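Subject: Structure handover

Dear colleague,

I am passing on the structure we spoke of, and below it I have set out what was found. Please read the notes with the model open beside you.

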Protein chains: 2
Amino acid sequence: MHFATGIDRKLSIPLQRQLYEQWREAILTGRFRAGERVPSTRELAASLSISRGTVSEAWDQLMSEGYLETAPGSGTFVCRELPDNLVLSRRANSDKASGEVRVRLSRYGAGLTEDWRPVSSGRGVIRFSAGTPDREHFPIALWRRLMGQQLRRLAPAAFDYLERSAGDEGLRAEIANYVSRLRAVRCVPEQIIIVGGSQQGLDLSARLLIEPGDEVGFENPGYQGARRVFTAYGARLRPLPIDASGVVVRGLDRKTRLVYVTPSHQYPTGVSMSLGRRLELIEWAKHSRAVIVEDDYCSEYRYSGSPLPSLQGTASGAAVIYVGTFSKVMFPGLRIGYIISPPSLVPFFKRAKSLADTQSPMLEQAALARFLAEGHMERHIRRMRRLYGLRREALLDSLWKHFGDGAHVMGDAAGMHAMVRFDDKGVMRRAMQNKVELVSADGYYLTQSPKNEFIFGFSALPERAIQEGIKRLSR
Amino acid sequence: MHFATGIDRKLSIPLQRQLYEQWREAILTGRFRAGERVPSTRELAASLSISRGTVSEAWDQLMSEGYLETAPGSGTFVCRELPDNLVLSRRANSDKASGEVRVRLSRYGAGLTEDWRPVSSGRGVIRFSAGTPDREHFPIALWRRLMGQQLRRLAPAAFDYLERSAGDEGLRAEIANYVSRLRAVRCVPEQIIIVGGSQQGLDLSARLLIEPGDEVGFENPGYQGARRVFTAYGARLRPLPIDASGVVVRGLDRKTRLVYVTPSHQYPTGVSMSLGRRLELIEWAKHSRAVIVEDDYCSEYRYSGSPLPSLQGTASGAAVIYVGTFSKVMFPGLRIGYIISPPSLVPFFKRAKSLADTQSPMLEQAALARFLAEGHMERHIRRMRRLYGLRREALLDSLWKHFGDGAHVMGDAAGMHAMVRFDDKGVMRRAMQNKVELVSADGYYLTQSPKNEFIFGFSALPERAIQEGIKRLSR
């Protein structure tokens, strides 16, 4: 039986990801029968003439998701009980049962690809998951009180259907105040549109601005959530390399319609964009009448030096769409983010938002406005900054202790994660063996990626867990 | 000065709407100067050779939104102080100031048109606004308790970034239970995707299935929120007439890729679709391999007879996307709705949702799951059904009392609004004069609309207000 076909080195998709998707699909479609024995990583690597590490990375993923299972002594098999794919298996059945019609998808629909989900964590697993805030230290009692106030008298705003696609007036005013003070963003409240997290901010931006075939300048490596949105709308991504001064914009021309950047803490490298580079980018945008999308996802957390003001605040004369989120400073499940739009695009963002989902939930917006107005946000951020700063130090100390100068930490002292390159080739395998959930940087590259780069989210882990986690990687 | 140009009778846009948009745009762009005197409805009607009623409807809208103002005795003028358009006026300035770049919009963006917003209500105005639930009778204390439970221990679900684009597991299970019991929908929880109200359900459906140029069968008159979504994605709408048995599907062929219907209480006419028509539609969908989108927006409210089960439950072998919402039975600001997808489309809806906004807010979902699990939903709906039933009677009685058989009420004894056609031509003018907010049915027609049809939302108004409102229309 032939286990993998069409591995394509020219694709921007990392090899282990191609393997993972092929195997998964083959298992789900029944091409590989449940219980069927699969060859060893060694045999596979040889037959495909790729590195064994690549094979076992894809393979470990399939095991952790329950597509493959090992029987002690006797090898590895296609799982007898397929997990969380009820849908897909039921699909097969109910299609037959109901003779369900196969419908034609739109270009957008047909282009959607399976997400590369993080390994779901089991008992005793240490998860270095990026961008997740600390749950224990969120002022939940305070938030409950503010929500309670809103719930006590359900505001009419929550009840009628008057046009509120831009969001709660009070919240927009507080955000304008917040971003101008903390990020030197220049805006009036009317330029702010409340959205369902930065993801919706990116989706609406792409929807309003991207035609299939348009060229989008994209950081390489760069944020997958943004990449998936732009490619889903048919954009051709032009990889922009990252160096010590941030994204390299030299060579951008009028063919590029939009550039997506994360200047304050480049995702995932953590490099912050130099002023020179910012001005270079702004000049280019002015002259080629292009749009800059600035994703300022976690600028609040900076542990040394002072942050540069937002690109938006520096970029007079260029069209900058500033995308902010409360997922990092509050919690992801809140689903509140915001777009700060150039004035001329505001009416379009409002309409796009109202077509997309009418408006975002109103009660949280009102409660969040109070949270900001009463100064809780800045207090909370100060506390978290101290906490996360110590956790970052714990990460760096442990890396030094166990890997010495064999672990290269990239980027600035900022954010909620650090990207690290190891000389040691065995880190991922030990992570899998010793129950450490680690995200490889491979998935973030548009081009073939350097090996042994990983993203360590430290914000949700106590220092002791961080130390233990790094220790496990070194064994 | 020439006040209106390019009134186009061939357009599906009602004339008064065309006028409204032209005038508004001319005022905002400064083509009509602030303080400038405008001619009388009589002069205008004559110069454009359209009915005076049409002119004054558009004009009343512009006044109520503050673009025009009257000075007693001396006539009507362009407002000196333009309202809620800070943005647009600031745009003008800041464009000059910052030399803001004019960016090219995508086809989607460029196609967006201004919403036809309801008149914003002032003091003493009686608003017959459709689809708005009653605020006073919502069990707010109970909802606060359930939300409080969720807030007490912020569920980890709200904090991490694990894949939850389909929504809260518990809620999906409760909904599967709810719709199979109340609506005879046939599904498993895995077919349910939680979305931000039915609006997002429609947006994701269109996104996955509609290519620019595709033909979509659309009820005429039909729901504007759906119409805007489909046309924004470039669909060509094929108007399907409504008769006493609901939407007329005869004549649909393979050119039509998708049909959008509201079978349980057609919006806005209120007619419910006969079983014969349903089977006819399903047969057509099977053979032309097309998709049916069933918007079941307020099937919970039926005041006589028993409702037909959902189209989805009847349609084995055809691809039906069932869209449901909690905006009517809970409150619109909650922004929770759901898609029940054919099994083969589930993975695509999940991915589209995760690209659109990752997932819907988690806490409400968990609280809503409890609200359903503890049986509060059905109790609440029973109470509201009684309440709304009485209000509908009050509406019909008042119409009879003041208009006799000059008011023709359409549709079944169901829903939260009734569509009424008047023989009397002066209803809209008296509504404006006597502070009654009334929605004309014109905007819901794809073709030239019959005159004097209005949509009376009765669910949010006490009986006394309903009686007073109708009385005001008759004076």
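In what follows, two residues are said to be in contact when heavy atoms lie within 4.5 Å. Please keep in mind that this is a predicted model.

I begin with two helices of chain A. In the contact between them, A:Leu368, A:Arg370, A:Phe371 and A:Leu372 of H14(A) meet A:His376, A:Met377 and A:His380 of H15(A), and the residues involved divide into four nonpolar, two polar and one charged. Two packed helices are described by the angle between their axes and the distance between the axes. Here H14(A) and H15(A), the latter covering residues 376-403, pack at an angle of about 75° with their axes 5 Å apart; because angles from 65 to 115 degrees count as roughly perpendicular, H14(A) and H15(A) are described as roughly perpendicular to each other.

I turn next to the interface between the chains. Chain A and chain B each bring 101 residues to the contact, and between them they bury about 8800 Å², 61% of it on carbon and sulfur atoms. Across this interface there are four salt bridges, among them one in which the side chains of A:Arg207 and B:Asp203 meet at 2.9 Å, N to O, and the count of residue pairs in polar contact is 26. Several helices of chain A each supply at least two residues to the side that touches chain B, including H9 (197-209) and H14 (362-373), while the largest share, nine residues, comes from H13(A). That side of chain A divides into 49 nonpolar, 21 polar and 31 charged residues.

With best wishes

Methods. Residues numbered from 1 in each chain as written. Chains lettered and ligands numbered in written order. Predicted model: local features only at pLDDT ≥ 70, side-chain atom pairs only at ≥ 80, totals over all residues. Heavy atoms only, no water. Buried area = accessible area lost by both parts, 1.4 Å probe. Polar contact = N/O pair within 3.5 Å; in protein donor to acceptor, adjacent residues only side chain to side chain. Helix = DSSP H or I, 4+ residues; strand = E, 2+ residues; numbered from the N terminus. Nonpolar A, V, L, I, M, F, W, Y, C, P; charged D, E, K, R; others polar. Axes fitted to C-alpha atoms, helices over the stretch in contact; angles between N-to-C directions. Parallel < 35°, antiparallel > 145°, perpendicular 65-115°, else oblique.
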